[in-house]
Amino acid sequence: MDVLSLMEFPIVQGPMAGGSCTPALVAGVSNAGGLGSLPGSLLSPAAIRDQVGQIRTMTDRPFQLNFFVQPTPAPSEQEVSAGVELLRPIWQSLGWTDLPVPAQWCQDFSAQFETLLELRPAAASFTFDILSASQVERLHSAGIAVIGTITTVDEARAWEAIGADAVVASGVEAGGHRGTFLGPQEEATLSARQLWPLVAEAVRIPVIAAGGIMTGVDIREALSLGAKAVQMGTAFLVTDESGIHPAYKQKLLSGHGLTTRLTRSFSGRYARGVENRFMEQMESVETQVPAYPVQNALTASIRAAAAKSGDTELMSLWAGAEVGRARALSVAQLMQTLVAEMRPT
Ligand SMILES: Cc1cc2nc3c(=O)[nH]c(=O)nc-3n(C[C@H](O)[C@H](O)[C@H](O)COP(=O)(O)O)c2cc1C
């Protein structure tokens, strides 16, 4: 299926779980000729249906849904209590006598997958793992194009082999979680500009370049390195329509001095965000915390308390390495600006 034909301009808005991608943001990107993306991973089937319904009242143009390919875990009591213990300095600093046990570890991916088939968006992208060939076939039968997220050449080949229509090649600069699924996450260290041409050489399906793309000039460069389109996350994170916490947005727009790095401490999977007290305090034990999604669920109450008090030191401030170049614009203005900047001078 032809993913590129879904866009007038080769710009995919990166799906970003956690509240940034409001229906207005997703529809705004699609209405401006890009491909809007609704992150469904943290949403129940009912919430996914509701948000897709809202998007469809705002646009007739194609958009995509995105999911974490993730089985629901069954951690042992010992694993959970070890995780709670590693977080003790953080929850004690909040004056708590214990850490609340989460009601669930994650949403059920198989139920989300059935909801995706029912809603039939033009495309769906996936990260954290790979689908089976029969799942890809089911999506194709429903008219849904399939996009896999990759961080290495081998992962791109694996998605191509099961029939994916495109891959998002995500360099280490990218904001949010690494999508690595073959081999240790620590070893998937290729920068965007190293990864894109290698992947474009290795597979025949279109490569969507991701990681550190902030301007139309960056888009041109990615296309010149073999990509057929780009996926931009951080640039959309600070738009007017983004639903992130105001203190988080303010922090991202606070200037060029922000340092981002990969951390495992918030979720149990490496992700890039702005350094803060949580990351610093947990650094010495970050390789020991339970794997995603257990750690993510364990830190949820801490992150919720931080959001309530507007304390950016304990929020997960996911952002890409080029966040210093993010511009506070509306989605329509950002899209217009990118398209104008892409034109050769
Ligand atoms: C806050 C945040 C949340 C993200 N959540 C997801 C997600 O749910 N699914 C996904 O496939 N990628 C996710 N990403 C990655 C983006 O879709 C995109 O590939 C990445 O941001 C590109 O790098 P950039 O931030 O340097 O533009 C997230 C990124 C950020 C910054």
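Is Cys 21 buried or exposed? Cys 21 is buried, with 4% relative accessibility. Buried means under 20% relative accessible area, exposed over 50%, and partly exposed in between, using a 1.4 Å probe and protein chains only.

## About the model

This is a predicted model, where local features need pLDDT of at least 70, side-chain atom pairs count only at pLDDT 80 or more, and totals for chains, interfaces and linings use all residues. Residues are numbered from 1 along each chain as its sequence is written, and side-chain values use heavy atoms, leaving out hydrogens and water.

## Cysteines

A disulfide is a covalent bond between the sulfur atoms of two cysteines. Here the term requires a pair of cysteine sulfur atoms within 2.5 Å. The structure has zero disulfides.

The shell around the ligand has 22 residues, each with a heavy atom within 4 Å of the ligand. Pro 15, Asn 66, Gly 212, Gln 231 and Thr 234 come nearest. By class, the shell has ten nonpolar, eleven polar and one charged residues. Strand S3 (63–68), strand S9 (229–232) and helix H10 (234–237) each supply at least two of its residues.

Oxygen atoms of the ligand lie by several polar atoms. A polar side-chain atom of Thr 234 is 2.5 Å from a ligand oxygen. For a backbone N or O atom of Pro 15, the distance to a ligand oxygen is 2.8 Å. For a polar backbone atom of Gly 233, it is 2.9 Å. The protein buries 95% of the 600 Å² that the ligand exposes when taken alone.

Terms used: A polar contact is a pair of N or O atoms within 3.5 Å; within protein, one must be able to donate a hydrogen and the other to accept it, and residues adjacent in sequence count only if both atoms are side-chain atoms. Accessible areas come from the Shrake-Rupley method with a 1.4 Å probe; for residues, only the protein chains shown count as cover. Helices (H or I, at least four residues) and strands (E, at least two) are DSSP runs, numbered from the N terminus. Ala, Val, Leu, Ile, Met, Phe, Trp, Tyr, Cys and Pro count as nonpolar, Asp, Glu, Lys and Arg as charged, and the others, Gly among them, as polar.
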